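Please keep the structure open beside you as you read.

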There are 2 protein chains.
Amino acid sequence: MAVEDRTEQHALDLIARVRSKPLRFRDEQITMAHGAGGKASQTLIEGLLAPAFGVRELGDAAAVGELAISTDSYVVKPIRFPGGSIGELAVNGSVNDLAVSGARPLALTVSLVLEEGLGADELRHEVEAIAGAAEAAGIEIVGGDTKVVERGHCDSMYVCTTGIGRLDERARLSPALLRPGDRILVSGSIGDHGTAIMLARGEFELDAEIESDTRSLWPSVDTLLEASGDSLHCLRDATRGGVATVLNELARESGVAVVVDEAQVPVHPAVAGACEILGIDPMYVANEGKLVAFVAPEAADEALAALRSAPGCKQAAEIGEVKTDPPGMVLVETAFGGRRVMDLLVGDPLPRIC
Amino acid sequence: MAVEDRTEQHALDLIARVRSKPLRFRDEQITMAHGAGGKASQTLIEGLLAPAFGVRELGDAAAVGELAISTDSYVVKPIRFPGGSIGELAVNGSVNDLAVSGARPLALTVSLVLEEGLGADELRHEVEAIAGAAEAAGIEIVGGDTKVVERGHCDSMYVCTTGIGRLDERARLSPALLRPGDRILVSGSIGDHGTAIMLARGEFELDAEIESDTRSLWPSVDTLLEASGDSLHCLRDATRGGVATVLNELARESGVAVVVDEAQVPVHPAVAGACEILGIDPMYVANEGKLVAFVAPEAADEALAALRSAPGCKQAAEIGEVKTDPPGMVLVETAFGGRRVMDLLVGDPLPRIC
């Protein structure tokens, strides 16, 4: 073992030890970072909310008998953007949390917080977006609620959706099932949604044709379950914090290492260009219609072929592998043969992305 | 029939005809009234949301197989008030929507929209309020979500809860079961919550000791189901818009008349005093722990006795009766022997009460 290797090993061991400690919420006030899906979010959830509410994790769909249930609030700004709007996002977001839990979407509730003065046309647009996305995803809207707050007390509207799904009999999905050797697939190009929102805000002098990838992931999950059955070990939708955050959460939860081959990660050239100019790694940028799948090695090729046949998944790719060491960490192998740690983000580069 | 009687009958017929028309949403923008639970809310829901989403009504718990599901957003201002806070309100509100649908509360999701700069102590207080109310109501928190918006873009926090309950086998509840002769019970003094919030805002120079009545209604529903079984025809929790709004919605939905004996309606003296000074009828003021029950006449006395034995229901009372004429309307018989129409409110006297 060369000196550099031993030094690297020592550093990795140190990070792994620090990371295995339970998180505590010690902040004095809420910052935008607590909503960004990175380290601060994790600390708020694992250090305060989950223990107080007696739940293990607050991010995913929970099982209630044979049903799965998942809730999310949407505060995306602006509410309309290339490729979609808050209405579609709110439906697809809850649909996808169910789908990656192996549950077929069944019923949805929609709760609206509307801003006084919101134009009826704008409201109608979102109501139609919600209805259209629900129909496309095959989920039935069963109930809802409406509140109104004074001008300036929300941005046009906030939407909270809760999805109910039926756990699919073919699905045996859990982070606990990750095994060294498992192949890691993504269902298409990454970073589209977050980049589209950033550009839609007009804060950057960039003019690229990038659309949000918001869509229901149930068809791709259905395809994967049919093709791979028990060999499909775990699924996640890579929303806030992007693929990097999903991989870090799973590595930490399962005590495995994740190694990503950077050259294999599909990124739309316009997204790659925008991210390079903005100094952001697309691996951390939110997606709203992309999943990450962990598949047993012998089933990986078939799973990838099946995934590519699902709507919106032509660019699906195998991007890495589960390893043993260093436990709880994500490493990236670069095109130049080097490797680096891909950690959770501490700050919030992209607030209010969903 | 005296001349006055015929004139009154003519007026009532006219109102009934207007009221039976389907509502259309024609407003150009959202106003605070759309969130108040009165006519504007009804128009928004029945005229836009429900048809677009393909649901009959958006206010109550919906049935999904043997389960009931209900969602609500809470934007109450201030978030703490005598007798409770937004956390308790958010839990009890969804619990009660399930309870009055005849469903035993089972599982709850909690989605938070937090304001940047919110103090950790304030957050902890609400997290504990949520956990405490859930424990008191016997409902398990199974999942959640957290978003953060910039300073000024929400008031400390908005909370959205979704409750799942199991439909109780004893329950046969529906507005369609209302029959002329049915007795109308309320589970206690009305208007406490809304009055407590108004006074907590400090907009009025009134100093009365009034506490919110926020609590789980499942124990009182359980008691009523046990005592009355099939004789219990319909239940509603009288939240936004108060008892008057609940009675109007049911009269309209079922095509029956409702006659209320004003002298029998229990009102806390401090609430009655505050409402008189503010020029508000307590029948329109929000409750967060009171239900309205419709019971077959022969079972009414037993139901009332049972209800009075439930926690928080000592002041339960029989306040009126279902009649045939005029269909779709609510009439109040005053202490002086007169009667008047008690219509839905058009404006919003009490914004952001829950």
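Is Arg352(B) buried or exposed? This is a predicted model, and in it Arg352(B) has a relative accessible area of 5%. Because buried means under 20% relative accessible area, Arg352(B) counts as buried. You will find Arg352(B) in the segment after β14 (339-341) of chain B. Its backbone deserves a look too: although Arg352(B) is not a glycine, it has a positive phi of about 50 degrees. Most residues other than glycine have a negative phi.

Now turn to the other chain. Arg352(A) also has a positive phi, about 55 degrees, and is not a glycine. Arg352(A) sits in the segment after β14 (339-341) of chain A, and it is buried, with a relative accessible area of 5%.

The backbone holds another feature to look for. Most peptide bonds are trans. In chain A, however, Lys77(A) and Pro78(A) are joined by a cis peptide bond, with omega about -5 degrees. Pro78(A) belongs to the loop between β2 (67-74) and β3 (80-81) of chain A. In chain B, a cis peptide bond joins Lys77(B) and Pro78(B), and omega is about -5 degrees there. The loop that holds Pro78(B) runs between β2 (67-74) and β3 (80-81) of chain B.

While you are in chain B, move along to Gln315(B), in the loop between α9 (300-308) and β12 (317-323). Gln315(B) has a relative accessibility of 45%, so it counts as partly exposed. Leaving aside residues up to four places away in sequence, Gln315(B) touches Gly188(B), Ser189(B) and Pro266(B). Eleven residues along the chain from Gln315(B) is Leu304(B), and the C-alpha atoms of the two are 10.0 Å apart.

Next, step back to the domains of chain A. Chain A is divided into domain 1 (59-167) and domain 2 (175-341). Taken over C-alpha atoms, the centres of these two domains of chain A are separated by 24 Å. Where they meet, 22 residues of domain 1 of chain A are in contact with 21 residues of domain 2 of chain A. Between them, domain 1 and domain 2 of chain A bury about 1700 Å², with 59% of it on carbon and sulfur atoms. On the domain 1 side, the residues losing the most area to domain 2 of chain A are Pro82(A), Asn96(A) and Val100(A), together 29% of what that side buries.

Finally, how do the two chains meet? The size of an interface is often given as the accessible area lost when the parts come together. Chain A and chain B bury about 5900 Å² between them, 66% of it on carbon and sulfur atoms. This contact takes 66 residues from chain A and 66 residues from chain B. In chain A, Ile30(A), Phe53(A) and Lys147(A) lose the most area to chain B, together 11% of what that side buries.

One place to look between the chains is a pair of helices. The axes of helix α2 (residues 39-53) of chain A and helix α4 (residues 120-137) of chain B come within 8 Å and cross at roughly 30 degrees. Therefore α2(A) is roughly parallel to α4(B), given that angles under 35 degrees count as such. From α2(A), the contact is made by Leu44(A), Leu48(A), Leu49(A), Ala52(A) and Phe53(A), and from α4(B) by Leu123(B), Arg124(B), Val127(B), Ile130(B) and Ala131(B). The residues of this contact divide into nine nonpolar, no polar and one charged.

Methods
Residues are numbered from 1 along each chain as its sequence is written. Chains are lettered from A and ligands numbered from 1 in the order in which they are written. This is a predicted model: local features need pLDDT of at least 70, side-chain atom pairs count only at pLDDT 80 or more; totals for chains, interfaces and linings use all residues. Side-chain values use heavy atoms; hydrogens and water are left out. Axes are lines fitted to C-alpha atoms, for helices over the stretch in contact, and angles run from 0 to 180 degrees between N-to-C directions. Helices (H or I, at least four residues) and strands (E, at least two) are DSSP runs, numbered from the N terminus. Angles under 35 degrees count as roughly parallel, over 145 as roughly antiparallel, 65 to 115 as roughly perpendicular and the rest as oblique. Contact means heavy atoms within 4.5 Å. Ala, Val, Leu, Ile, Met, Phe, Trp, Tyr, Cys and Pro count as nonpolar, Asp, Glu, Lys and Arg as charged, and the others, Gly among them, as polar. Buried means under 20% relative accessible area, exposed over 50%, partly exposed in between (1.4 Å probe, protein chains only). Domain bounds come from an automatic or database domain assignment. Buried area is the accessible area (1.4 Å probe) that two parts lose on being put together, summed over both.
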